[in-house]
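User: I have a model open on my screen and would like to learn how to read its features. Could you walk me through them?

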Amino acid sequence: MKSDLYYQYSPGPEIYSRKVFVGGLPIDIDENELTATFSRFGPLVVDWPNKSENKSYFPPKGYVFLIFEYEVSVRALVQSCFVEDEKLFLYISSPLSPDKLVQIRPWRLADADYVVEASIPLYARRTVFVGGVPRPIKAVELAHIMDRLYGSVGCAGIDTDVEYKYPKGAGRIAFTNQNSYMKAITDRYVQLSHGEVEKRVELKPYVLDDQPCDECGGERCGHRHAPFFCPQLSCLQYYCEKCWTTIHGCRAREDHKPLVKEA
């Protein structure tokens, strides 16, 4: 059972991740000043990549992540921002910059999934893993980009972490036909444009963790889920350990390497 304090700070369903990106910071602002500036919205921790290793009080690249204790704090922060070109901004101050405009980029939980048409049946094995996705991209945007490139996109998802439900920089695309799926994994890499960001992303089969061995149907492995998936276009199958050894023991397939499910 959640405490009364939780309900005091969390009225209604969560809308945002508790982790918020803040960019365009003054070069002289430090962690304590950032904490003081944003603590009016609620208790928080200020973080940035490799913070514990570089032991600096100043964000080295002009951006930080605010990790709030309560999701409702993010709502209060968003309400205090003003909108320009569909982006959120807020004025903050530092010793050298009394009024510096910074970008506030919250993550809406609803933006992690998008279904093109709920009535269209989807086949899980036509799902592609998309690695290196720009973190601001929404599932609906990823779906439209991939549909323009390959067609027949059924749904899209953005992978998020368990603790904060914040994007991890990867996504998934499920296609409604085999041709689009094959075109995507054959390309392997594609240039993705999102706003001002141009990024080369990786495309490969999305590995499922509940599939039977395609070779023996579970007869040789006690009907356990197959641990190996071969991404080579000549295979594209799930294998138990015995069948992997049998099928890939020949010289023609000895260079095939199994894919494992992304963490």
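**Reading the model step by step**

Analyst: Let's start with burial: of the 263 residues in the protein, 44% are buried. Buried means under 20% relative accessible area, exposed means over 50%, and partly exposed is in between, with a 1.4 Å probe and protein chains only. This is a predicted model, where local features need pLDDT of at least 70 and side-chain atom pairs count only at pLDDT 80 or more, while totals for chains, interfaces and linings use all residues. Residues are numbered from 1 along each chain as its sequence is written, and side-chain values use heavy atoms, leaving out hydrogens and water.

User: Thanks! How many helices and strands are there in the protein?

Analyst: Helices (H or I, at least four residues) and strands (E, at least two) are DSSP runs, numbered from the N terminus. Here there are seven helices and 14 strands. The C-alpha atoms fill a box of roughly 70 × 45 × 45 Å along the principal axes.

User: What does the UniProt record place on this chain?

Analyst: UniProt positions are given in the numbering used here, feature names are shortened, and annotations may be inferred rather than shown by experiment. The unreviewed entry places "domain: RRM" at residues 18-109 and 126-197. Residues 126-197 are 31% helix and 40% strand, and their end C-alpha atoms lie 27 Å apart.

User: How do I read a nonpolar core, and which residues have the most contacts inside the largest one?

Analyst: In soluble globular proteins, nonpolar side chains tend to be buried together. A nonpolar core is a set of buried Ala, Val, Leu, Ile, Met, Phe, Trp, Tyr and Cys residues joined through side-chain atoms within 4.5 Å. The largest one here has 49 residues, and Met146, Ile173, Phe175 and Leu203 have the most contacts inside it. Helix H5 (residues 139-150) gives the largest share of this core, six residues. Another core, of 23 residues, lies apart from it and includes Tyr16, Val20, Phe38 and Leu44.

User: Where does leucine 34 lie, and what does leucine 34 touch?

Analyst: Contact means heavy atoms within 4.5 Å. Leucine 34 lies in helix H2, and it counts as buried because its relative accessibility is 0%. Not counting residues up to four places away in sequence, leucine 34 touches Leu25, Ile29, Val46, Pro59, Val64 and Ile92.

User: Is glutamate 31 buried or exposed?

Analyst: Glutamate 31 has a relative accessible area of 17%, so it is buried. It is found in helix H2 (residues 31-38). Beyond residues up to four places away in sequence, glutamate 31 touches Val46, Trp48, Lys51 and Tyr57.

User: Which elements do the buried residues of H4 pack against?

Analyst: In helix H4 (residues 71-80), the buried residues are Glu71, Ser73, Val74, Arg75, Leu77 and Val78. They pack against strand E1 (19-23), H2, strand E3 (63-68), strand E5 (87-92) and strand E6 (100-105).

User: And which residues form a nonpolar patch on the surface?

Analyst: Patches are made of residues with over 30% relative accessible area and no salt bridge; like charges are joined within 9 Å, and nonpolar side chains (Val, Leu, Ile, Met, Phe, Trp, Tyr) within 5 Å. A salt bridge is a side-chain nitrogen of Lys or Arg within 4 Å of a carboxyl oxygen of Asp or Glu. Accessible areas come from the Shrake-Rupley method with a 1.4 Å probe, and for residues only the protein chains shown count as cover. Here Phe82, Tyr91 and Leu101 form such a patch, with about 270 Å² of accessible area together. Phenylalanine 82 is in strand E4 (residues 82-84).
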